[in-house]
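Here are my notes for you to read with the structure open beside them. Take the points one at a time and find each residue as you go.

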Amino acid sequence: MSEPDALPADPALAADDGYEFEISGGNPALDFTNTISRRSDPEESRERLTHYGRLVSWGQQAGLVSLKDAARLRVEARAHPRVAAATLRRAIALREAIFSLFVAIARGESAPAQALEAMNEALPSALGALRVGPERGGFGWRFAHHETDLAPMLAPALRAAADLLTSPELSRVRECGSDTCFWLFLDHSKNGTRRWCDMKVCGNREKARRHHQRVKKSSRRLVIP
């Protein structure tokens with residue numbers, strides 16, 4: 001995961017700035033919620049969807065938008081910057097509603113009624129885009145979007161959220177064990193004991209913190225009063 005640049009002045013910016021998202025949630029809906037880090041601290045939080053182009057990049061990297069469609073979306077966004085900016089605002093609001101639902105579930109709390117209402121309000125439009133189409137060896141679901149629709153990645157993310165909420169896998173939703181992360185993931189470990197969104201990031205950071213505490217305590221014991 002590359003570090004974000006400073007926030008661009010224009011949220012309608014459509015260019016691909018090369019940012020690589022961390023896709024480790026195990027579900028598109030959870031990966032969507034993980035497009036912001038340290039959300040509990042306004043001063044330390046890092047918004048990854050800093051402009052519309054990033055939303056397109058996330059959709060492409062999450063497998064919800066094809067390379068061809070991503071290019072089309074960027075062209076369309078440049079022609080309609082206000083629509084692009086409004087789409088980004090809608091996406092972030094939806095992301096926060098989805099996060100509120102799943103973080104409550106991960107913590108064993110009741111799902112917030114307002115967040116569930118927000119998701120249900122968006123579902124009819126999303127599911128209305130579903131179509132059955134031919135695939136190799138049979139048929140499958142796909143989403144049909146109008147060429148001027150700048151949010152084709154939101155419908156499959158919404159469907160993923162609804163499917164997960166009504167799935168036995170809901171009990172596997174976890175929140176990262178870091179005190180500052182708040183990312184969500186599906187725990188597919190054998191014993192259901194996965195603690196970190198990414199062992200290489202939060203896991204190693206926690207190990208380093210504990211090691212530092214042990215060294216600090218040991219040095220205190222060696223001090224002669």
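1. Let's start with the largest pocket, whose volume comes to about 280 Å³. Its lining is made of 15 residues, and R90, A122, S125, L154 and L158 are the ones closest to the centre. Keep in mind that you're looking at a predicted model.

2. Which helices supply at least two residues each to that lining? Look at helix 4 (81-106), helix 5 (113-127) and helix 6 (154-165). Sorted by class, the lining has 11 nonpolar residues, along with 2 polar and 2 charged ones.

3. Now move over to the strands. Strand 3 (residues 130-135) and strand 4 (residues 138-143) run antiparallel, and 6 bridges join them.

4. How many residues sit between strand 3 and strand 4 in their hairpin? There are 2. Have a look at G137 in that turn, which has a positive phi of about 85 degrees.

5. Next, the aromatic rings. Searching the whole structure turns up 2 aromatic pairs. One of them is Y19 with F21, with 4.8 Å from centre to centre and 85 degrees between the planes. That pair is edge-to-face, because its angle is over 60 degrees.

6. Are Y19 and F21 buried or exposed? The cut-off to remember is that buried means under 20% relative accessible area. Y19 has a relative accessibility of 3%, so Y19 counts as buried. F21 comes out at 10%, so F21 counts as buried too.

7. Finally, check which arginines lie over ring faces. Elsewhere on your list, R39 lies over the face of F99, and here the distance from the ring centre is 3.6 Å.

Terms used. Residues numbered from 1 in each chain as written. Predicted model: local features only at pLDDT ≥ 70, side-chain atom pairs only at ≥ 80, totals over all residues. Heavy atoms only, no water. Pairing = 2+ DSSP bridges. Helix = DSSP H or I, 4+ residues; strand = E, 2+ residues; numbered from the N terminus. 1 Å grid on protein atoms, 1.4 Å probe; cavity = no way out; pocket = protein on both sides within 12 Å on 5 of 7 lines; lining within 4 Å. Points joined across faces, edges and corners; volume = space filled by probe spheres on them. Nonpolar A, V, L, I, M, F, W, Y, C, P; charged D, E, K, R; others polar. Phe/Tyr/Trp six-rings, centres within 6.5 Å; stacked < 30°, edge-to-face > 60°. Buried < 20%, exposed > 50% of the residue type's maximum accessible area, 1.4 Å probe, protein only. Lys NZ or Arg CZ within 6 Å of the ring centre and 35° of its normal.
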